[in-house]
Amino acid sequence: MVNPLEPAPIAELSRAEQLGKDQDAVKATVKEYYGETLKTSNDLRTSACTACKPPPAAVRAALAEVPAEVKEKFYGCGNPIPAGIEGLRVLDLGCGSGRDCYVAAKLVGEKGSVTGVDMTPAQLEVAISHADAYCKDKLGYAKSNMTFIQGEIEYLDKAGIKDSCVDLIISNCVINLSPDKARVLSEAYRVLAPGGEMHFSDVYCDRRLPQSVRTHPVLLGECLAGALYNNDFIRLCRKVGFTDPRQLECEEIQIHDAELRDLVGEARFYSITYRLFKVPGQIEDLCEDYGQVAVYKGTIPGHTHSYDLDDHHKFVANKPMLVCGNTASMVGETWLAPHFTIIGDRAVHFGQFDCSGPKTTTGAGGSPSNSAGACGPGGACC
Ligand SMILES: C[S@@+](CC[C@H](N)C(=O)[O-])C[C@H]1O[C@@H](n2cnc3c(N)ncnc32)[C@H](O)[C@@H]1O
């Protein structure tokens, strides 16, 4: 019998994605765009690859130390590095010239590690060339805690990334470029350790794009042509085992180039940061009420007063909050667990959880941070 909480086999997922697409041609176009066409982020023709809000203070401070050449070739669309990651093993999918790896290398500390995977040699060369000096001279580490691997994010196995060996996957404006997104997500699920998280920013669309847009080389390189319809992305997540994707941030992308804007017509594009937690067997497809309460301890650096798990769960430090079983697992059985106390277990079921907004134990409903659906083309539930 099929267990709805277990991921579907990778071959089954990939077949549908592969139909009618020449994967090698897509990858060659992308490699040329990032290896030769673009020299710096000034060469971009849309805001897709630079649509992000200003990064949090800890990231801004870390960025001050990152070599200029690494930053000049940054083409990310969001802020995929969560706070409080000291000691974690981080993997960056499509690291490019390595800006986010350099920031993460500082935030994980000398005992943590960062691995960047990218298929474009010209981008990786920049990342590799500054790594040793940055870690030793700027961060004061005995040796570099960064490793860069040339490889394809659909085939992390071939890049030597073993099962369950990563605590946090980050990625910035990359997965839209992959011709086999199911395989990317499935590989991400495989390499994450139980309790790990994929925390990443990417471009999504409010509709399924026509073939004329999907095959346009500039729109592909600019991270628009490969953007998934958001609901299809959520379906894909659920199939590979990330059953309850949580949206954290969302920003609409502006297309300033008139020719490109005309090509995409009424389609709207968004840069969205998602959180996908791997808690095998625990994340259900709907939010269920077990009467559990989560209390945030206020211990994540930079978040002493409150912590946003996603765009509709703001935990105020030391204030008990009623949560569904999925949320209890996400904060209580993952790398976030040291920062939360969970009261109650799943012994008794009280029915479906009210997803209209989180409630405190004092009975106040609907957090002011509840912006689910306020931005973007749709979204997951609780
Ligand atoms: C928009 S850039 C973003 C780079 C980096 N994350 C950043 O924020 O600067 C996309 C990067 O993803 C890489 N990439 C795209 N598809 C890939 C794939 N299938 N496997 C590995 N790398 C890929 C490209 O080589 C490029 O460096």
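Me: What makes a contact count as a salt bridge in this predicted model?

Reply: A salt bridge is a side-chain nitrogen of Lys or Arg within 4 Å of a carboxyl oxygen of Asp or Glu. By this rule the predicted model has 15 salt bridges.

Me: Why is the contact of Arg190 with Asp163 called a salt bridge?

Reply: The closest N and O atoms of Arg190 and Asp163 are 2.7 Å apart. The cut-off is 4 Å, so the pair qualifies.

Me: Why is Arg190 called partly exposed?

Reply: The relative accessible area of Arg190 is 21%. Buried means under 20% and exposed means over 50%, so a value in between is called partly exposed.

Me: How do you know that Glu197 and Arg275 form a salt bridge, and where do they lie?

Reply: Their closest N and O atoms are 2.6 Å apart, and the limit is 4 Å, so the pair counts. Glu197 lies in strand β5 (residues 192–205) and Arg275 in strand β8 (residues 269–277), so this pair links distant parts of the chain, 78 residues apart. Both Glu197 and Arg275 are buried.

Me: What makes Arg246 and Asp244 a salt bridge, and are they buried or exposed?

Reply: The closest N and O atoms of Arg246 and Asp244 are 2.9 Å apart, to be set against the limit of 4 Å. Arg246 and Asp244 are both buried. Elsewhere, salt bridges that share partners join Lys27, Glu152 and Glu154 into one network.

Me: Why are the buried residues of α10 said to line one face of the helix?

Reply: The buried residues of α10 (residues 230–240) are Asn230, Phe233, Ile234, Leu236, Cys237 and Val240. Seen down the axis of α10, these residues fall within an arc of 160°, so they line one face. An α-helix has 3.6 residues a turn, so residues three or four places apart point the same way. After α10 comes Gly241, with a positive phi near 120°.

Me: What makes a space a cavity, and how many are there?

Reply: A cavity is a set of points where a 1.4 Å probe fits but cannot get out. By this rule there are 5 cavities of 30 Å³ or more. The largest cavity holds about 400 Å³ of space.

Me: Which residues line the largest cavity?

Reply: Its lining has 30 residues, with Gly94, Gly96, Asp118, Val174 and Leu177 nearest the centre. The lining divides into 12 nonpolar, 10 polar and 8 charged residues. The largest share, 3 residues, comes from α2.

Conventions
Residues numbered from 1 in each chain as written. Predicted model: local features only at pLDDT ≥ 70, side-chain atom pairs only at ≥ 80, totals over all residues. Heavy atoms only, no water. Buried < 20%, exposed > 50% of the residue type's maximum accessible area, 1.4 Å probe, protein only. Helix = DSSP H or I, 4+ residues; strand = E, 2+ residues; numbered from the N terminus. Arc of directions from axis to C-beta. 1 Å grid on protein atoms, 1.4 Å probe; cavity = no way out; pocket = protein on both sides within 12 Å on 5 of 7 lines; lining within 4 Å. Points joined across faces, edges and corners; volume = space filled by probe spheres on them. Nonpolar A, V, L, I, M, F, W, Y, C, P; charged D, E, K, R; others polar.
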